[in-house]
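Subject: Structure handover and notes

Hello,

I am passing this structure on to you. Please look through it first and then read the notes below.

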Amino acid sequence: MKNPYLPLPMRLVKNFVETEDKLIHTFTLEFLNEEDEKSFQYLPGQFAEVSVFGVGEAPFGIASSPTEPGHLKFSVAKVGVVTTTLHQLPEGTILGVRGPLGNNYPIEEFKGKNLVVIGGGFAFTTLRSLITYILHPDHRGDYGELTVIYGARNPGLLLYKDELAEWEKRSDINLICTIDRPVEGWNGRVGFVPAVTKEVAPSAENAYAVICGPPVMIKFTMPVLEELGFSPERIIMSLENRMKCGIGMCGRCNVGNKYVCKDGPVFTRAQLNQLPNEY
Ligand SMILES: Cc1cc2nc3c(=O)[nH]c(=O)nc-3n(C[C@H](O)[C@H](O)[C@H](O)COP(=O)(O)OP(=O)(O)OC[C@H]3O[C@@H](n4cnc5c(N)ncnc54)[C@H](O)[C@@H]3O)c2cc1C
Ligand code: FES
């Protein structure tokens with residue numbers, strides 16, 4: 001049996017400064033062994049534990065999509081020991097990766113439905129994976145309309161700017177980017193995500209909403225989604241509780257009787273309504 005604590009060796013091939021404030025980098029990692037790549041079968045919404053040898057490991061949502069073979073991407077905010085070291089690593093460094101871990105967005109249930117994807121700040125990572133997966137020619141026909149509302153404090157803090165520009169040109173995705181306050185040169189929307197969601201008013205008919213972002217954004221967007229008619233079963237969220245093992249063994253991440261690492265991180269609003277508010 002495979003040891004779930006044993007990380008797979010991967011090479012850091014790109015350490016890209018993603019945001020203007022330089023606090024978020026996107027890391028592209030390639031598998032050293034072909035068999036490891038074949039065994040690492042993941043879907044949008046899952047995460048992995050990334051280890052910097054001799055420093056520690058930390059969980060990150062997988063920002064790449066399985067439709068982009070050959071590598072994994074993680075977008076990481078510099079907050080502490082592991083993430084600060086990661087930001088400073090030169091390309092070519094060997095890292096360890098354990099995963100894929102956790103559950104994924106319910107892409108099978110989404111089939112034939114319209115999707116409203118709402119993201120804020122740097123929590124856009126697994127949403128990028130989901131959007132990239134759906135937009136792939138093999139999958140786009142399986143899903144209905146795709147509306148994406150993505151907000152950041154200012155334009156420099158938006159992730160994946162080149163891709164946002166590409167998506168903007170496409171007719172099979174309705175992308176609405178918004179920033180908190182007006183800035184010279186910005187032609188997109190201005191306003192907080194909850195207010196913009198209310199303005200855009202995506203229909204809840206035959207639709208799911210997927211929402212990831214800072215707690216304050218979630219708090220104020222939730223009533224808007226409810227007002228629009230999204231039932232708690234049709235609102236999908238992803239949690240980022242503190243974790244250690246990532247595989248349901250240590251009890252670090254539990255909320256009520258659920259382990260966020262194993263039963264989540266993806267939950268419906270209806271499932272979270274049954275749990276104590278410890279997330
Ligand atoms: C499922 C999952 C997916 C995640 N995806 C991403 C991602 O895509 N990109 C990303 O940048 N981060 C993500 N995180 C958060 C990331 O794991 C933490 O920021 C990271 O563990 C911090 O490690 P560190 O050693 O640098 O910080 P530490 O030195 O351990 O801590 C530094 C500071 O960060 C705080 N912190 C540590 N872990 C968390 C956490 N889980 N939530 C909030 N605060 C925390 C600590 O309390 C402390 O104040 C995710 C977490 C989970 C559980
Ligand atoms: S992190 Fe160990 S049980 Fe979830």
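This is a predicted model: local features need pLDDT of at least 70, side-chain atom pairs count only at pLDDT 80 or more; totals for chains, interfaces and linings use all residues.

Residues are numbered from 1 along each chain as its sequence is written, chains are lettered from A and ligands numbered from 1 in the order in which they are written, and side-chain values use heavy atoms, with hydrogens and water left out.

Ligand

What surrounds ligand 1? There are 20 residues around it, the closest being Pro59, Ser75, Ala77, Val82 and Thr83. A residue counts as near a molecule or strand if one of its heavy atoms lies within 4 Å of it. By type, the shell around ligand 1 holds 12 nonpolar, six polar and two charged residues. Here Ala, Val, Leu, Ile, Met, Phe, Trp, Tyr, Cys and Pro are nonpolar, Asp, Glu, Lys and Arg are charged, and the others, Gly among them, are polar.

Strand 4, strand 5 and helix 2 each give at least two residues to this shell, and the largest share, four residues, comes from strand 4. Helices (H or I, at least four residues) and strands (E, at least two) are DSSP runs, numbered from the N terminus.

Backbone atoms of the protein approach the ligand at several places. An oxygen atom of ligand 1 lies 2.6 Å from a backbone N or O atom of proline 59. A nitrogen atom of ligand 1 is 2.8 Å from a backbone N or O atom of serine 75. For alanine 77, a polar backbone atom is 2.7 Å from an oxygen atom of the ligand. Taken alone, ligand 1 exposes 880 Å², and the protein buries 72% of that. Accessible areas come from the Shrake-Rupley method with a 1.4 Å probe; for residues, only the protein chains shown count as cover.

Salt bridges

Side chains of opposite charge can pair when their charged atoms come close. A salt bridge is a side-chain nitrogen of Lys or Arg within 4 Å of a carboxyl oxygen of Asp or Glu. The whole structure has 10 salt bridges.

One of them joins glutamate 68 to arginine 128, with the closest N and O atoms 2.8 Å apart. Glutamate 68 sits in the loop between strand 4 (56-61) and strand 5 (71-77) and arginine 128 in helix 4 (residues 125-135), so the pair ties together parts that are 60 residues apart in sequence. Both glutamate 68 and arginine 128 are buried, where buried means under 20% relative accessible area, exposed over 50%, and partly exposed in between (1.4 Å probe, protein chains only). Glu68 and Arg128 also belong, with Glu163, to a network of salt bridges.

Another salt bridge pairs arginine 140 with aspartate 172, at 3.7 Å between the closest N and O atoms. Arginine 140 lies in the loop between helix 4 and strand 8 (146-152) and aspartate 172 in the loop between helix 5 (161-169) and strand 9 (174-179), so this pair ties together parts that are 32 residues apart in sequence. Arginine 140 is buried at 13% relative accessible area, and aspartate 172 is partly exposed at 24%.

Lysine 169 and glutamate 166 form a salt bridge with closest N and O atoms 3.2 Å apart. These two residues are three residues apart in helix 5, so about one helical turn separates them. Lysine 169 is exposed, with 65% relative accessible area, and glutamate 166 is partly exposed, with 45%.

How many residues of helix 4 are buried? The helix is mostly covered, with 11 of its 11 residues buried. Among them are Thr125, Leu130 and Tyr133.

Serine 65 is in the loop between strand 4 and strand 5 and is buried, with a relative accessible area of 0%. Its side chain makes a polar contact of 2.5 Å with the side chain of threonine 67. A polar contact is a pair of N or O atoms within 3.5 Å; within protein, one must be able to donate a hydrogen and the other to accept it, and residues adjacent in sequence count only if both atoms are side-chain atoms.

Proline 90 is found in the loop between helix 2 (81-88) and strand 6 (94-101) and is exposed at 52% relative accessible area.

Cysteines

With a disulfide taken as a pair of cysteine sulfur atoms within 2.5 Å, the count is zero. The sulfur of cysteine 177 is 16 Å from the closest cysteine sulfur, in cysteine 212, which is too far for a bond. Cysteine 177 is buried at 8% relative accessibility, and cysteine 253 is buried at 3% relative accessible area.

Regards
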